[in-house]
Amino acid sequence: MSRLVVRPETEIQATANSLHFDLERRVTGAPPGLCPLDLASSYLKVYSSQTCGKCVPCRVGLKQLEKLIDDLIEGRGDMKTVDLIERTAETIYASADCAIGYEAANMVLKGLKGFREDYIAHATKGHCVAEGFQAVPCVHLCPAHVDVPGYIALINAGRYADAVRLIRKDNPFPSVCAMVCEHPCENKCRRNLIDDALNIRGLKLYAVKNSGHVPVYREGEHAAEATGKKIAIVGGGPSGISAAYYLGMMGHSVEIFEQRKKLGGMLRYGIPAYRLPREILDEEINTLLTSGDIKVHTEVSIGGDSYPLSKLRSEFDAVYIAIGAHTDKSLKIPGEDAEGVMSAVSLLRRIGDDNYPDFKGKKVVVVGGGNVAMDCARSSVRLGAERVIIAYRRRLEEMTALDEEIRAAEAEGCELFELVAPLKVEVGDDGKAKALWVQNQMISFIKDGRPTPKAASHEPVRLEADIIIVAIGQGIESYNLENVSMNPRRGTINILDSEQIPDMDGVFSGGDCVTGPATVISAIGAGKIAAANIDEYLGFNHPIHIPVDIPAPVPHNRPACGRVKLRERSVDERIKDFSLVEESMTAEEMIQETERCLRCDKFGFGTFRGGRENKW
Amino acid sequence: MVNIKINGTDLQVPENTTILEAARLNNINIPHLCYLKGLNEIGACRVCVAEIVGLDRLVASCNTIALEGMEIRTNSPKVRQARKINVELLLSQHSARCPECARSGNCELQRISNDLGILEFPYHEDIKGIEWNQDFPLIRNDKKCIKCMRCIQVCEKVQQMNVWDVAKSGSQTVVDCRGGKDITEINCTICGQCITHCPVGALTERDDTQKVRDALADPTKIVIASVAPAVRTSWGEQLGLTHEEATSERLVSALREVGFHYVFDTDFSADLTIMEEGSEFLKRLTDGELKEYPMFTSCCPGWVRFVKMEYPELVGNLSSAKSPQQMFGAIIKTWYAQILGVKAEDIYHVSFMPCTAKKYECDVECMNSSGARDVDAVLTVRELDRLIRSEGINVKDLAESGFDMPLGVASGAGHIFGTTGGVMEAALRTAYNLVTGKNPDPDAFKNVRGYKGWKEAEFEINGTKLRIAVAHGLGNIRKLCEAIKNKEVQYDFVECMACPTGCAGGGGQPIFEGEELGADRGRLLLALDKKSNLRFSHENPSIIQCYREFLGKPLGEKSHHLLHTDQVRWELWK
């Protein structure tokens with residue numbers, strides 16, 4: 001026997017490791033709407049399998065917790081059981097010897113806090129608050145509830161125009177979303193259980209690229225009979241246009257009031273053209289405006305003395321406020337008013353009106369770690385900047401920008417400076433910015449799920465800069481909208497779940513001005529909700545229904561298969577212009593990717609209930 | 001057409017045919033439990049699995065479309081194993097106490113597990129149950145439920161009442177009343193369609209046979225049976241009789257064998273209902289009461305419950321005439337008691353019905369007008385068959401015998417009460433006579449026959465145009481009521497039957513897996529009417545005698561007291 005031996009990985013270990021990866025995917029793909037107690041009980045089973053068996057709270061306590069939760073699941077428990085679960089978990093957390101025990105208990109405690117209502121419902125009624133419905137994950141997680149399996153099947157069948165029409169039933173912006181959607185639909189894709197989520201946005205891009213022009217109505221179709229009702233929409237962004245599109249279909253007369261020169265909101269004034277080409281945006285908007293009687297007024301501001309909201313309300317039967325979140329937050333550091341310091345919003349707005357500044361030879365520092373920061377950095381590269389630095393307070397891992405955006409920025413030559421907090425702007429005698437001084441940070445404790453930075457004992461660092469772009473989030477304008485209920489802390493508009501503004505008859509609101517800066521698709525979803533509820537408020541029930549028959553699934557083996565990734569134009573080519581970076585899939589890739597779809601509309605719970613809503 | 005191969009045989013089937021239907025078209029049987037054509041094709045039980053050559057995993061044949069070139073195996077080793085194990089898994093959660101189950105011998109789970117040769121049981125038993133109100137006419141035994149979801153689908157898609165729903169989640173998933181409510185608190189019409197579509201014994205009627213047996217054993221009681229129209233079409237189905245053998249006369253003999261002292265025909269009181277309801281209709285029409293809403297028939301208690309719960313504003317437009325069952329009870333316990341020279345309480349009246357809601361109707365407190373309970377017990381056709389079987393009667397060899405008199409005479413108009421449109425047709429025949437003094441051609445109103453969910457017809461009697469509608473199945477009825485309420489349609493007289501095809505397809509009828517027999521049974525009733533030499537209710541000699549000797553005239557004081565009711569006062573549950 002040697003003193004030390006080499007131990008290669010055994011087959012058993014290899015299998016165990018592979019199963020752990022499977023479990024990880026399984027958890028990633030966990031369907032929405034599960035019973036939280038059932039989850040707690042099954043996780044406890046995993047945790048207690050990890051116990052070493054030495055200390056009492058972990059060895060015995062975790063098993064007991066599982067049994068107690070099972071009592072509640074099976075209707076044998078009451079509020080005393082909930083109390084005992086809580087005290088036992090507290091004790092395990094407080095007294096287990098190692099993290100295997102106390103972290104398991106901690107998860108139970110978190111669940112008890114987060115799912116309190118469900119624990120009480122189980123103890124008093126024997127079941128969860130909500131029960132018995134497992135939604136199709138992609139459809140459920142899309143704020144507009146787009147029929148994803150339906151349009152994927154249509155794309156597979158080569159019926160691209162039908163795919164576009166089906167998407168428009170719930171989301172009027174298939175082209176826009178094909179390029180810029182954050183695709184929450186992919187987060188819980190059941191395909192995760194086999195390999196990886198479908199590239200849903202990529203498939204949508206294939207559909208819109210191959211569908212040709214798809215008019216709102218086919219031969220013989222038209223808007224519902226005119227109702228004689230007039231609706232004002234304040235704000236011509238994705239939310240306002242979505243509401244206008246559906247309200248137009250329903251036969252109402254719609255007027256959009258837009259503050260800027262052109263419609264589009266953040267689609268135009270927030271997203272650079274290399275991600276969303278202007279001609280595609282314009283074409284999509286122009287098509288949508290043909291859904292019915294829709295008039296557009298640009299460069300009109302609602303609110304204040306010139307055009308008070310009350311006046312608008314009196315002139316229309318209902319109002320939808322979707323004014324977005326367009327003000328910028330400032331750094332509040334010395335020198336911020338120097339020439340060359342600008343907000344992300346102002347830069348992107350300028351670009352949106354096709355007024356491109358020249359950054360040739362300039363050194364640019366972008367402050368922030370979100371998608372807007374990446375947009376500014378990548379735009380700066382295209383505007384000719386000599387060097388672009390992205391300065392962020394936390395680490396790369398904490399950046400809120402999509403991974404692909406960060407990777408693209410890096411590929412285009414932007415340097416990422418992690419863990420630096422702006423201290424001051426160094427201003428030259430000419431009043432122009434010379435540099436941004438930053439304080440190095442160290443990553444520290446986790447608060448609300450995010451590691452927080454704190455100042456490191458380190459000398460400040462000078463980042464030479466002619467242009468400093470502040471992209472640390474947008475705020476909401478302090479609107480001059482009398483009587484509109486606002487959340488004073490967040491500065492957002494308060495609404496009921498119908499999107500109606502409390503105590504304001506017939507005034508609805510949605511999108512970024514309600515949620516704070518969020519995604520395009522959530523703004524679109526809000527517009528759809530507004531259309532339905534305004535229609536109902538006006539005493540109608542016009543269903544939105546697009547008759548498209550969906551191909552039945554073809555049975556086939558579903559071998560594990562990688563997810564198709566979209567190609568991008570080469571870096572040295574794309575940084576010279578503002579043309580679209582992404583390229584569409586090939587036909588071959590489209591077929592492979594569409595066939596990865598598990599058709600949750602037709603398999604699993606979807607075939608019983610909730611697989612397809614043909615109208616809303 | 002597409003070309004496929006099943007178990008080695010080349011076949012051609014129409015496009016868009018499921019594998020299960022493709023097999024069935026070619027006489028290949030694929031066992032299935034949850035499948036209900038057009039209603040429940042959800043692939044839940046996984047008993048109908050089949051193998052497609054080239055695929056690793058099996059498919060549910062009930063919802064997989066057969067495609068060109070598919071080679072399908074319905075009995076490969078993989079299929080056999082999966083089918084057997086899935087049935088065994090179902091059995092692990094099914095209280096398989098078959099000897100004490102109403103569906104024993106007519107249970108899909110039992111049949112399939114027997115067919116598969118399941119003799120040993122390898123799994124842990126895991127049987128839970130939800131408590132149930134055993135007094136309610138509709139009984140659910142959760143321990144037998146196999147979660148096939150058929151009851152949910154029938155109630156939601158056909159009857160559109162949404163009584164049932166899935167409750168809890170994950171492996172705890174069960175079927176229960178929607179929202180966890182009690183069955184007495186939810187809008188259940190007690191139509192019984194969930195019972196007739198349940199593949200096992202999870203849903204049944206409340207069994208009242210012991211009550212009846214106790215009465216038969218009581219020497220102080222005169223026990224009288226009355227037999228509803230649609231019962232005669234179906235009573236022999238599960239006793240192994242052909243329709244030719246299963247005559248009402250043979251049924252009368254069987255009931256005498258069971259021990260009933262008198263056996264009467266509910267079709268007599270159907271004729272009586274026509275006299276009252278027909279007269280009421282003409283009165284309300286001429287009084288101008290039907291300008292806003294039509295008069296509705298009221299003989300279906302499922303429909304009456306529906307209208308009370310869903311359209312209370314229309315209750316006042318129900319005919320005040322009691323149903324034939326309840327009129328019969330009132331007459332037996334008054335006029336017939338007089339004839340026998342006994343007191344009402346000496347008589348025990350058992351009503352045989354194709355219906356579960358009738359069990360509710362006979363318990364409605366304000367219904368009793370004879371001084372005793374007008375109807376003491378209601379048995380469904382399934383209970384009737386159990387009663388006969390338990391006596392060991394060889395029905396096939398029984399000689400036929402006639403109904404007792406005078407309540408055993410009925411017209412063809414009374415017979416057709418048991419099929420959709422029948423009440424309307426019978427009423428119009430008599431209304432025509434009441435208005436003109438002449439009889440119409442008995443088939444003059446045949447336009448209200450047929451199985452379309454919502455039928456319309458117009459007739460002219462003496463220059464007055466009558467606008468008629470007939471609907472069956474609560475989903476169709478809801479559409480009709482909505483249209484009436486929204487003034488999209490206008491009628492004078494409307495017949496509604498809660499069950500699809502009417503009582504012939506009633507929730508108390510015998511159950512045959514995958515078959516809807518209502519239309520066939522309805523045609524038998526129409527044939528009985530056709531060959532009857534008495535086709536008008538008002539010509540029924542017993543009816544004439546009853547009015548002459550006892551009631552006086554339709555809508556008279558005695559009729560008002562005994563034969564009419566106010567549905568507003570009906571409690572939905574005690």
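This report describes sheets, helix packing, nonpolar cores and a chain contact in a predicted model.

**The five-strand sheet of chain A**

In chain A, five strands form an open sheet in the order E3-E2-E1-E4-E18, with parallel pairing. Strands E3 (294-297) and E18 (507-509) of chain A stand at the edges; each has a single partner strand, so one side of each is left without a neighbour in the sheet. On average, and with direction ignored, neighbouring strands of this sheet are turned by 20° against each other.

Within the sheet, strand E1 (residues 230-234) of chain A pairs with strand E4 (residues 318-321) of chain A in the parallel sense, over 4 bridges. In that pair, A:Ile233 stands opposite A:Tyr320 in E4(A). Helix H12 (residues 238-249) of chain A packs on the sheet and touches E1, strand E2 (253-257), E3 and E4 of chain A. The direction of H12 makes about 165° with that of E2(A). Helix H20 (residues 520-537) of chain A also packs on the sheet, where it touches E1, E4 and E18 of chain A. For H20, the direction makes about 165° with that of E4(A).

**Strand E14 of chain A**

Strand E14 covers residues 467-470 of chain A. A:Ile467 and A:Ile469 point one way from this strand, A:Ile468 and A:Val470 point the other way, and all are buried. In a regular strand the side chains alternate between the two faces of the sheet. E14(A) has parallel pairings with strand E6 and with strand E7; the table sets out both.

| Strand paired with E14(A) | Residues of chain A | Sense | Bridges | Residue and its partner in E14(A) |
|---|---|---|---|---|
| E7(A) | 363-367 | parallel | 4 | A:Val365 and A:Ile468 |

**A helix pair in chain A**

Helix H4 (residues 79-95) and helix H6 (residues 116-125) of chain A have axes that come within 8 Å and cross at roughly 140°. That angle makes H4(A) oblique to H6(A). The contact brings A:Met79, A:Thr81 and A:Val82 of H4(A) to A:Tyr119, A:Ile120 and A:Ala123 of H6(A). By class, this contact has 5 nonpolar residues, 1 polar residue and no charged residues.

**Nonpolar cores**

The largest nonpolar core has 171 residues, of which B:Cys151, B:Ala225, B:Val231, B:Val263, B:Trp303, B:Phe352 and B:Ala498 touch the most other members. Helix H11 (residues 324-340) of chain B gives the most to this core, with 8 residues. Leaving aside residues up to four places away in sequence, B:Cys151 touches B:Trp164, B:Val175, B:Cys194, B:His197, B:Cys198 and B:Leu203. A second, separate core of 146 residues includes A:Tyr151, A:Leu419, A:Val470 and A:Cys597. A:Val470 is also one of the buried residues of E14(A). In soluble globular proteins, nonpolar side chains tend to be buried together.

Not counting residues up to four places away in sequence, B:Asp529 touches B:Gly412, B:Ala413, B:His415, B:Ile416 and B:Arg535. B:Asp529 and B:Arg429 are 100 residues apart in sequence, and their C-alpha atoms are 13 Å apart in space.

**The contact between the chains**

Chain A gives 16 residues to the contact and chain B gives 20 residues. By class, the side of chain A that touches chain B has 8 nonpolar, 5 polar and 3 charged residues.

Conventions:
Residues numbered from 1 in each chain as written. Chains lettered and ligands numbered in written order. Predicted model: local features only at pLDDT ≥ 70, side-chain atom pairs only at ≥ 80, totals over all residues. Axes fitted to C-alpha atoms, helices over the stretch in contact; angles between N-to-C directions. Helix = DSSP H or I, 4+ residues; strand = E, 2+ residues; numbered from the N terminus. Parallel < 35°, antiparallel > 145°, perpendicular 65-115°, else oblique. Contact = placed C-beta atoms within 7 Å. Nonpolar A, V, L, I, M, F, W, Y, C, P; charged D, E, K, R; others polar. Buried ≥ 20, exposed ≤ 12 C-beta atoms within 10 Å, placed from the backbone. Pairing = 2+ DSSP bridges. Core = buried A, V, L, I, M, F, W, Y, C linked by C-beta atoms within 7 Å.
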